[in-house]
Amino acid sequence: MFWQIFTYELKYKFSRLGTYIYWLVLFLFMFLIISALGGNIENMSVSIGGLGGKVNINSPYIITILNVSFGYMAMILLPATIGTSIYRDFKNNTHTILYSYPVSKAGYLGGRFLGAFIPTMFIFSGLILGCMTAMQMPWIDQDSLGAFRLSAYIRPFFTSMVPNILITGLIIFSLASLTRELLATYMGCILIIVLYGIGGSLLEGVENQSIASLIDPLGSSAMQNAVEYWTVNEKNEQLVPLTWHFIANRLIWITFAGVLFGIAFQRFKFTQQVFSFKIRKKSRLLLNRFQPVSKYVSIQIPRVKRNFSFKSRLKQLISLSNNEFRNIIRNPYFIAIILTGIILLIVNASSIGKMYGTTTFPVTYKVMETLGSTFYLFLLIIITFYAGELVWRERDNKTDGIINSMPLPNWIFYSSKLSALMMVGIVIMLIIMIFGLLVQIFNGFFDFQMGVYLAELAMLYIDFILLGILAVTIHTLVNNKYVGHFILVIYFLMEMFMGQFGLEHNLYKFNSNPSIMYSAMNGYGHFVGPYLVFKAYWASFAVILGILSNLLWIRGNETNWKNRIFQMKQRFTKPAKIGLLTALIAFVGLGGFIFYNTNILNEFNTTKDSREMRAEYEKQYSRYAEMIQPRITDVNVNLDIYPEKRDFKFNGYYILKNKSNSPIDSVIISQNNETIINNLNFNRETDMVLNDEDKGFYIYHFNTPILPGDSARLDFNIEYITRGFQNNGSNTDILKNGTFIHSDYLPVIGYLSSMELEREKIRKEYGLPPKKPIASINDTSARMDTYIANNSDWVNFQTTVSTTNGQTAIAPGYLTKKWEKNGRTYYHYQTESRILNFFAWLSADYTIKKDKWNNVDIAVYYQEEHDYNIDNMINAVKKSLDYYSENFSPYQYRQVRILEFPRFSTYAQAFPNTIPFSEAIGFIADVDEDDINYPFWVTAHEMAHQWWAHQVIGGNVEGCTVMSEVLAQYSSAMVMTKEFDQKLIKDYMDHEQHRYLRGRTTEQLKENDLLHVRPSQSYIHYGKGCVAMYALQDYIGEKRINKALSDFTKEYAFQEPPFVTSVDFYKYIKEATPDSLMYLTRDYFERIILYENKINKFDYEKTNNGKYKVTLEVGTRKYEADSLGNEKELNMNDWVDLAIYSDKYKVDGDYVRDTLYFKKHRFTQPESTMEFIVDKEPAKAGIDPFYKLIDRHREDNYKSKGIANIL
Amino acid sequence: MELTINNLSKTYPNGVQALKNIDLNISTGMFGLLGPNGAGKSTLMRTIATLQEADEGMVKFNGSNIMTEKIQLRKQLGYLPQEFGFYPKVTAENLLNHFAELKGITGKTERKKLVDKLLEQTNLTQARKKKLSTFSGGMKQRFGIAQALLGDPKLIIVDEPTAGLDPEERNRFHNILSEIGENIVVILSTHIVDDVSDLCTDMAIMNYGEILLKGSPSELIEEKKGKIWKKIINKSELEDQVKKYNVISTRLFTGKIIIHVESETKPGESFEIHNPTLEDVYFAQIKNNHTNS
């Protein structure tokens, strides 16, 4: 029996056109993606995580990631391919006949499942084959192709896709046989995708990787986890490994799905009874039966008035919409989808704004951001399915004949469906809002911003409606529920890639708009206008779609296009014509208005345009890069900021001095393209010999050259004017409140090498050779500049900045004068000593908190309600001043100012005695005692830059950030060590190791050692630098390291060019290092070293004298990697911390452990067994417990006894 | 009040010609459209109910073209499709009320009265609070006719309403139908001859998309008088008899077979004259149509 059913099903599935269409869609989808990723096709470039630089497009890693991830999304096909193989019997009522046949359960269920499973595998092979075929195409960039490896395709197919089809298929099949409902199968699918999502979001935390690996039914988290720290070489060479987690995940979920299938098998009966979610059993009514007709009643129907006025049409519309609405809202699957969404909300609500494991206060915009993005997927799901359900409801219930022949106008059907969807949207918005308020209340946060709630929900709702209209239109047009769902899913996927297919203008992307973002400082600011215009534009398009759907609405039995068009013409009456015309006029009119703003008032540049421009710039002007230029010695700028108009004007001068040995007769000026130059004027006669306004490149020729040692003055008048709005990326430097203008708006002397294209592949497209990322450490001419500003050394700086009354304007320097004129406030700032050519101006309506450290004035300028961490920051300033001035050198200024700026950028930056600090990275942090106090840390880091950048600054060569970022990381870590518990330092090192190890996986060129770090390798100078310096002070001694730093500072602070290099710095560190530890210093600075430290076994027994004998089996391995990640194992001869701890116990409500043993040991073997005697009962042992050595598997550095300790 | 069908043709995209040049004039009263399954009856019904377009031809109701003035017809139409269902979770009363509103009866009290009355007339008063998913086939059909009667229809189309009903329910259903056919046009499409003979004053027989015969049932029966002969035979003789005579129908009777033969004269010794029924008219017509096509 099994065999017949199986083969019948197989034949059936393979005879269906759908099977091949699905295959083809997957094939083409992957073919297109690969072509876009790897090809040099005009206007088509896609990038995904992990690909880039030296990673081959056909590396096992990329093949696996692509196929497997699109495989997850394609799971949405399974209800159609596997669910239907049982559902179609119920749908077509075949079960009434079939179930009376002598069919065995095993034969029926088994045969049907297997008969559907195999064709589904075939469909999914489309992905793999599409991938494989695309790789052979001539347009694939040959340089990014490695050797062909069949196993790279086969393994992901059989370890990921096939098990996933099996797991998902079994679950869906079981649900279909239990419930006999189509939607239940989709629910199963959604639930799996949700668990996959939960796994993904758990994976982001450092702590939850094991749970994440197991919870995700599709095994994605387990796989991601295995390749998390993979370098270029590993990605290119190795197959994605089958880790224990991955295999366990597969086994657990296959077992689960198998058990579910077993239950379904058990409960399945060949009856027409259905397992259903209803509590009451259905009972057929047998009223009035078996009574003979006793009298012939005459039918007398009361005459009624009928009304076909517009008012009664509205009543009918409301009645119909209510009917549809109630049907959706009461649908158990709708409730289930919402509940699933709420579960995901709860999971994500606990990590609102998480940075370094620390959450933020649940301010309204953060809550809405988290909830909105979490629920977005569910909105799409609801739109996709319920648009289908709405369009198909009458036909599904077979009420269509009756309803469609009612005296109702055509528009009422479509309108009622749409209004129902709108009402559903409102319910969802209310749910989100209530949940948001609950999150806030639950966290004891009562500053509800109803305005922000309404605005965020309104935006979400507009998306919901516009996409809803699109979905209803698609379902109406294609008139096939499955195809409709499928097209929508594909649409949502393509939407994510649209930008990369050359369609960057929001005019072409349905429902798109320039980004809009709330900031506590700036509100919604200037984003509102363009947002509304774009939404109105798309809304008028949606009206067109609506009218079209209306005209093509299926009313009756005509489904072929000839008759649909015929009916459409019939329905195209005057109101429809007027409506369509109005919508078209609005659409075209608004589109024109948008175009006028984005492309005429502003410049619209696609990625390609700007690449072309940059390539041209380099080709034409790079020959001037070496031309000797005068250097800026004085900057005197007046800046007028107009926050309301979002304009600003510079008016000032540079003093340029010829510091070279030869006369200079030409000066190059590079201009920031967004500005307008009103006036550029030298105080000597010049000819403009090159004037390229498009690229902002000018050359002035002096009639009398500037002689060596001589100076010239350059006066300039430059402005930035906001005109209309842009397609995207509006300027967030100049805002209504919270302006933050960098000095890079000012004219630059010389050629701007930062304009050059970076990525090798793109450079090749424009015929440019690979770019040298930064000058070599031995390049003395490059060292004439610091790495943050060219053609300038230390400069005298003064500025007068004016802003509108009510705002405070700030720039580096001391306030010498403040006055008001014409409703504007003027501030004059002057430095007392020379500073780097690196400054900024800020203007906002600030609240100010002041404090003092010795004779240093401390002030924090912040947004009024953001007072949570101000004292914390001031404390960090003071502790930093204490530590740095005691250990390195005196503080060179008599003020410190921290200035909050809106969250459109998320960093803090150190200017001389001035620290702009984003509102997103500390001001609303909700720091508990157990959390990493990152507002404190960021403050200490930026304070450290007052020494490590503003006293000592590296020349513009490799390793330059060692003297700034690495030392700032070290300094702040030391301040933190003094301030906080050791456990937090461990967590901090954990995060920094993670930053380093994660960062090196996305390296585009090659991983340098610390000594030669490039400024763009932030993962090295922040992550590795922090761990390295922290470890060195621990091994070598804090005093010795600080002494070295102090000596180094004495030698190099405020030096004239050539500027210092990391090699100069390294001498001081080496000098401080004793011979016995020189290996460690060298490892950290000169090599790429990775450890695999691990406690393999931890046992203990009580000794006779009441002590405890501990036996540890320790694994210690050491590897060296080259710049691409090729590793070789080294012999171990290294010192590593070893620690033994007692069990946890409570002191004053906090859990503590006693450290029973803590000592560095020299390990020489990969495996060693050691014995210790400790006084108390041990519970936990750790090797390198504070993560001072780089280790990819830090979780196995610890081992505990007893279950209580593991949890 | 008159429904005129002129030269109506319809071919489906798969090539099946469901309607071939249909011409019919239907006036007030109950009109029966009789034909076997697949004859094109439902296509015709749906076309009249404005749910389908015809390729050619015209349908007029009281002079107005229903193809172009769909809404005019719909205002006067009560339609009970062959296959239909209802929203399962709604009660009979609520759904009928909802339908009444959709038919333009927007006055609340008036509507309530009408709904109550119709439920009473269709003997569903007791079940009015029950969900439609719990209804038996007969109740569902009665609910179907109740909704068709909403809003004072001038044209009622009932498509195969008695298929699958037990005799008693069918009886009950006939009872309702017989009461409404007085002043309006009622078209009853069916493959059950008794439906027509019980109810209709006028009828047509349809097969392969064509109208084979039109007239009143009694006249049509009259025409066959003296032309139908019957005979009881053994099963083994059947093949032989079919070859020999114009057998229009066969029926089992106590293990033997009764055959009906159409013939102007007595076909043979063993035959006896049969008093024709509408069934004989129907079978004779279908048989002839078969032979001809």
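**Figure 1. Confidence of the predicted model.** Chain B has a mean pLDDT of 90, and 99% of its residues reach 70 or more. The model is predicted, not experimental. For the complex, the predictor gives an ipTM of 0.90 and a pTM of 0.86.

**Figure 2. Overall form of chain A.** Chain A holds 33 helices and 29 strands. Its C-alpha trace spans about 120 × 90 × 65 Å along the principal axes. The radius of gyration is 35 Å. A compact globule of 1207 residues would have a value near 33 Å, so the two agree. Buried residues account for 45% of the 1207 residues. Of the contacts in chain A between residues at least 6 apart in sequence, 75% join residues at least 24 apart.

**Figure 3. Domains of chain A.** The assignment divides chain A into domain 1 (2-267), domain 2 (310-338 + 350-601), domain 3 (626-750 + 789-829) and domain 4 (1088-1207). Domain 2 is written as two segments, 310-338 and 350-601. Domain 3 likewise has two, 626-750 and 789-829. Between the centres of domain 1 and domain 2 of chain A, taken over C-alpha atoms, lie 30 Å.

**Figure 4. Domains of chain B.** Two domains are assigned in chain B: domain 1 (2-216) and domain 2 (226-275). Their centres, taken over C-alpha atoms, are separated by 37 Å.

**Figure 5. The contact between chain A and chain B.** Chain B contributes 51 residues and chain A contributes 44 residues. On the chain B side, several elements each supply at least two residues: helix 2 (70-75), strand 6 (77-80), helix 3 (92-102), helix 4 (108-121), helix 5 (137-148) and helix 6 (167-180). By class, this side of chain B has 20 nonpolar, 17 polar and 14 charged residues.

Figure 6. Helix 17 covers residues 410-442 of chain A, 33 residues in total. From first C-alpha to last, helix 17 reaches 49 Å. That is close to the 48 Å expected at 1.5 Å a residue.

**Figure 7. K398(A), a non-glycine residue with positive phi.** K398(A) is not a glycine, yet its phi is positive, at about 60 degrees. K398(A) sits in the loop between helix 15 (364-397) and helix 16 (400-404) of chain A. Is K398(A) buried or partly exposed? K398(A) has 13 other C-beta atoms within 10 Å, so it is partly exposed. The buried class needs 20 or more, and the exposed class 12 or fewer.

**Figure 8. N21(B), a positive phi within a strand.** N21(B) belongs to strand 2 (residues 17-27) of chain B. Phi of N21(B) is near 45 degrees, a positive value in a residue other than glycine. N21(B) counts as partly exposed because it has 13 C-beta neighbours inside 10 Å.

**Figure 9. The cis peptide bond at P1057(A) and P1058(A).** P1057(A) and P1058(A) are joined by a cis peptide bond. Omega is about -5 degrees. P1058(A) lies in the loop between helix 30 (1038-1052) and helix 31 (1062-1072) of chain A.

Terms used:
Residues numbered from 1 in each chain as written. Chains lettered and ligands numbered in written order. Predicted model: local features only at pLDDT ≥ 70, side-chain atom pairs only at ≥ 80, totals over all residues. Helix = DSSP H or I, 4+ residues; strand = E, 2+ residues; numbered from the N terminus. Rg over C-alpha atoms; globule rule 2.2 N^0.38 Å. Contact = placed C-beta atoms within 7 Å. Nonpolar A, V, L, I, M, F, W, Y, C, P; charged D, E, K, R; others polar. Expected span 1.5 Å × (residues − 1). Domains from an automatic or database assignment. pLDDT = per-residue confidence, 0-100.
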